[in-house]
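This report describes selected features of the structure shown below.

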Number of protein chains: 2
Amino acid sequence: MENKNKEITQSSFFEYLLKVDNSVLEYLKSHQVATYFKPQDISTAVWSYILRPAKRLRPAVLLLAAGAVGGDRKHALPAAAGIEVFHTWTLVHDDLIDNDLLRRGLPSAHELGSELGKSNLGLSEILAKEYGRNLAILTGDTQHGWATTLFLEMAISGVVSPQVVLKIVYQLQSYVLAKLVYGETLDVQYSYQTTFESRNLTDEQIVEMLWLKTGVLYEFSGWAGAMIGKNSNNSDDPEIQAMKNFTSLCGTAFQLQDDIIGVVGDESQTGKPFGSDIREGKKTIIVLEALRNAKPTEYDFLTKILGNRDSSIEDIKKVASLLRSLNGIKRTEDLAKQYIEKALPHLDIITDSECKRLLLFWAKYMIERTF
Amino acid sequence: MENKNKEITQSSFFEYLLKVDNSVLEYLKSHQVATYFKPQDISTAVWSYILRPAKRLRPAVLLLAAGAVGGDRKHALPAAAGIEVFHTWTLVHDDLIDNDLLRRGLPSAHELGSELGKSNLGLSEILAKEYGRNLAILTGDTQHGWATTLFLEMAISGVVSPQVVLKIVYQLQSYVLAKLVYGETLDVQYSYQTTFESRNLTDEQIVEMLWLKTGVLYEFSGWAGAMIGKNSNNSDDPEIQAMKNFTSLCGTAFQLQDDIIGVVGDESQTGKPFGSDIREGKKTIIVLEALRNAKPTEYDFLTKILGNRDSSIEDIKKVASLLRSLNGIKRTEDLAKQYIEKALPHLDIITDSECKRLLLFWAKYMIERTF
């Protein structure tokens, strides 16, 4: 099966992601728990994000981590499906929290719910909005439970030791979940700060928030994949530790790059409205650095537009261009690169394999991607 | 320990609930996962409902089911704490969905969040409301994860077999959760129907919804308690089946009684605003029966007030009195009694014990309680 000398190219990397996409979707579509989703609107909403084209980076990392430490990737497939569904419920709730209208180029869950309320229940605009909110909450809750069952069934079917699975699910539902919630709450609290109030935020505080929001779930994907691959619940195992540290650092770089894409990204590629991060007043390294370097007139213009939900598209474009010229993008790119450079050596102790090489390619892709 | 001949009285029953309350709270307060809750607003909101006085009926039923089948109740304590926290996250999300302002006599989670947004972050009314919504979503999510870990640790500590725990958590996160979401969604959808549109709802549909919303979680509490008590994952065991059927039927009776309390209950006892079910247009057996028996002028008055969020307290009181005189309360009481009568014989195969007698008392308390 394994081609020892195969060099990873952009196209073989994407081919692998597509393979993961197919396996995960096939697994989920035939999953028994999915027959429970009722009524129809809940089922529609639970499937909506999952069925939209997506990169499936977290399941890919989990499977590759399992393979790279010598495990059978097939045994980790339920966990790969589980991490994708777990990630999905956080997207559904975060989109509602952040008032995001689009996800993967189509209406976010609460927007979809609102449309269903109008078309299926004949609700007024106001009640439809409330119905959309309610459906998004319950959709995320359903996915949260579903994700848990996907992990558990590795132990029920007997392919992975119960003690390994218990430890993984415990970690996901305690430490990981608490960190995700912490990061999302900080993001919400920071976004309510005016640009002036946020002048005291440090780069370290922002990076900490990015790690909480994104790094933690990548760290978990690498750690859990390695635990499953070794069928061991010894967290101190050097290979498991190495995989955890590697994916944690790459995860933070991923979110730094995400912030760049949030400013310069092309709507047709990102599936998110152009400039939504600027409009929502997201506090990023990009913004903090630009403010530090801004001349008084630029500073005034930035504080006027950032976080102003009624800004015109022209002003948004001007802000995007200022964020670049004032070094915000560059500083974030440099930081992301540093994280990847710190990450790579962690894999030195892992024996060479196609899985390892795909992980190394993935690390570099984290900061080169444009969507 | 066990007093074979002790007769259960109202006061010994409440004494037992108080003991459960103490044990569950003590367990939760010293739980390691609770140290993860950050920032402060999340921690405050996660604890808010849990620390308010409450009956702790679900943990009590779970512990009694474990004891009644011959198990050691101490082993089931993490699950008892888990079912209370699981119930709590559904309350937090349901209160947001139902726009309920009070829970246990104090602000609901989103209201509390909104107050924190004003006092701690200095937010405007509109942004504080959004912050309250966001905090309630993330609070419920945190509790959902926490509940899962509480169940898991019975297996991690080794007091209960991993296969039993895996089966219990799988059932909770798939079947039980899906039914709860189904019930809550139906409740939302029915509440958007005008009184006229809802004339085609049958008693069976309403009872199905009540079972989904409440019966399922009681059924789970009895079933899981018995599984833990026997340390067996054989769902076909007659005692486990008996406990499941008994608690399922009682759970539906509980919710029927809840609907009665929702109309005639005293705000100082229920901790909910008087008449909120009437104002929100809740579709209950009480309402359907009253509409069936109403004279045209009464029918018109009921349709005018039910579901009208701006109704005066005088009109709410008139509706409450009509719901009684038109047989709505009586019909619901009769139905609840029938459920309890069907439930009791299921326990015949269980050997007499104080636990069993407390469960039988609990069943009768379900339909006698006034809050």
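Where is Pro39(A) found? Pro39(A) is in the loop between helix 1 and helix 2 (40-51) of chain A. The model is predicted, and the description that follows should be read accordingly.

## Backbone geometry

The peptide bond that joins Lys38(A) and Pro39(A) is cis, with omega about -5 degrees. In chain B, the bond from Lys38(B) to Pro39(B) is likewise cis, and its omega is near -5 degrees. Pro39(B) is located in the loop between helix 1 (10-29) and helix 2 of chain B.

Positive phi values occur at several positions. Arg56(A), a residue other than glycine, has phi near 60 degrees. The residue belongs to the loop between helix 2 and helix 3 of chain A. Arg56(A) counts as buried because its relative accessibility is 3%, under the 20% limit. In chain B, Arg104(B) has a positive phi near 55 degrees, again in a residue other than glycine. Arg104(B) lies in the loop between strand 1 (102-103) and strand 2 (106-107) of chain B. With a relative accessible area of 22%, Arg104(B) is partly exposed.

## Helix 3 of chain A

Helix 3 of chain A covers residues 57-68, 12 residues in total. From its first C-alpha to its last it reaches 16 Å, close to the 16 Å expected at 1.5 Å a residue. Gly70(A), which follows this helix, has a positive phi near 100 degrees.

Is helix 3 of chain A largely enclosed, or largely open? Of its 12 residues, 12 are buried, so the helix is largely enclosed by the rest of the structure. Among these buried residues are Leu57(A), Arg58(A), Pro59(A) and Gly67(A). The buried residues of helix 3 pack against helix 1 (10-29), helix 4 (77-97), helix 8 (203-230), helix 9 (238-264) and helix 16 (354-368) of chain A.

Phe151(A) is part of helix 6 (residues 125-156) of chain A. Its relative accessible area is 0%, so Phe151(A) is buried. When neighbours within four places in sequence are left aside, the contacts of Phe151(A) are Ala79(A), Gly82(A), Ile83(A), Val165(A), Ile168(A), Val169(A), Leu172(A) and Phe220(A). Thr297(A), by contrast, is 146 residues from Phe151(A) along the chain, and a distance of 54 Å separates their C-alpha atoms.

## Salt bridges

Side chains of opposite charge can pair when their charged atoms come close. Over all chains, the structure holds 40 salt bridges. One of them is formed by Asp203(A) and Arg292(A), with the closest N and O atoms 2.9 Å apart. This pair links distant parts of the chain, with Asp203(A) in helix 8 and Arg292(A) in helix 12 (residues 285-293) of chain A, 89 residues apart. Asp203(A) is buried at a relative accessible area of 9%, whereas Arg292(A) is partly exposed at 46%.

A salt bridge also joins the side chains of Asp352(A) and Arg357(A), at 3.0 Å from N to O. Here Asp352(A) is partly exposed, with a relative accessible area of 40%, and Arg357(A) is buried, with 16%. In chain B, the side chains of Lys330(B) and Asp334(B) meet in a salt bridge at 2.9 Å, N to O. Both residues lie in helix 15 (residues 328-343) of chain B, four residues apart, or about one turn of the helix. Lys330(B) is partly exposed at 42% relative accessibility, and Asp334(B) is partly exposed at 30%. In chain A, salt bridges that share partners join Asp21(A), Arg56(A), Glu84(A) and Arg104(A) into one network.

## The contact between chain A and chain B

The two chains bury about 4800 Å² between them, 71% of it on carbon and sulfur atoms. Leu166(B), Tyr170(B) and Tyr192(B) supply 15% of the area that chain B buries against chain A, more than any other three residues. The contact involves 52 residues from chain B and 52 residues from chain A.

Two salt bridges are found across the interface. Glu130(B) and Arg309(A) meet through their side chains in a salt bridge of 3.4 Å, N to O. There are also 20 residue pairs in polar contact across the interface. On the side of chain B that touches chain A, the elements that give two or more residues are helix 2 (40-51), helix 4 (77-97), helix 6 (125-156) and helix 7 (162-192) of chain B. Helix 6 of chain B gives the largest share, 19 residues. By class, this side has 29 nonpolar, 15 polar and eight charged residues.

Technical notes: Residues are numbered from 1 along each chain as its sequence is written. Chains are lettered from A and ligands numbered from 1 in the order in which they are written. This is a predicted model: local features need pLDDT of at least 70, side-chain atom pairs count only at pLDDT 80 or more; totals for chains, interfaces and linings use all residues. Side-chain values use heavy atoms; hydrogens and water are left out. The expected span of a helix is 1.5 Å times one less than its number of residues. Buried means under 20% relative accessible area, exposed over 50%, partly exposed in between (1.4 Å probe, protein chains only). Contact means heavy atoms within 4.5 Å. Buried area is the accessible area (1.4 Å probe) that two parts lose on being put together, summed over both. A salt bridge is a side-chain nitrogen of Lys or Arg within 4 Å of a carboxyl oxygen of Asp or Glu. A polar contact is a pair of N or O atoms within 3.5 Å; within protein, one must be able to donate a hydrogen and the other to accept it, and residues adjacent in sequence count only if both atoms are side-chain atoms. Ala, Val, Leu, Ile, Met, Phe, Trp, Tyr, Cys and Pro count as nonpolar, Asp, Glu, Lys and Arg as charged, and the others, Gly among them, as polar.
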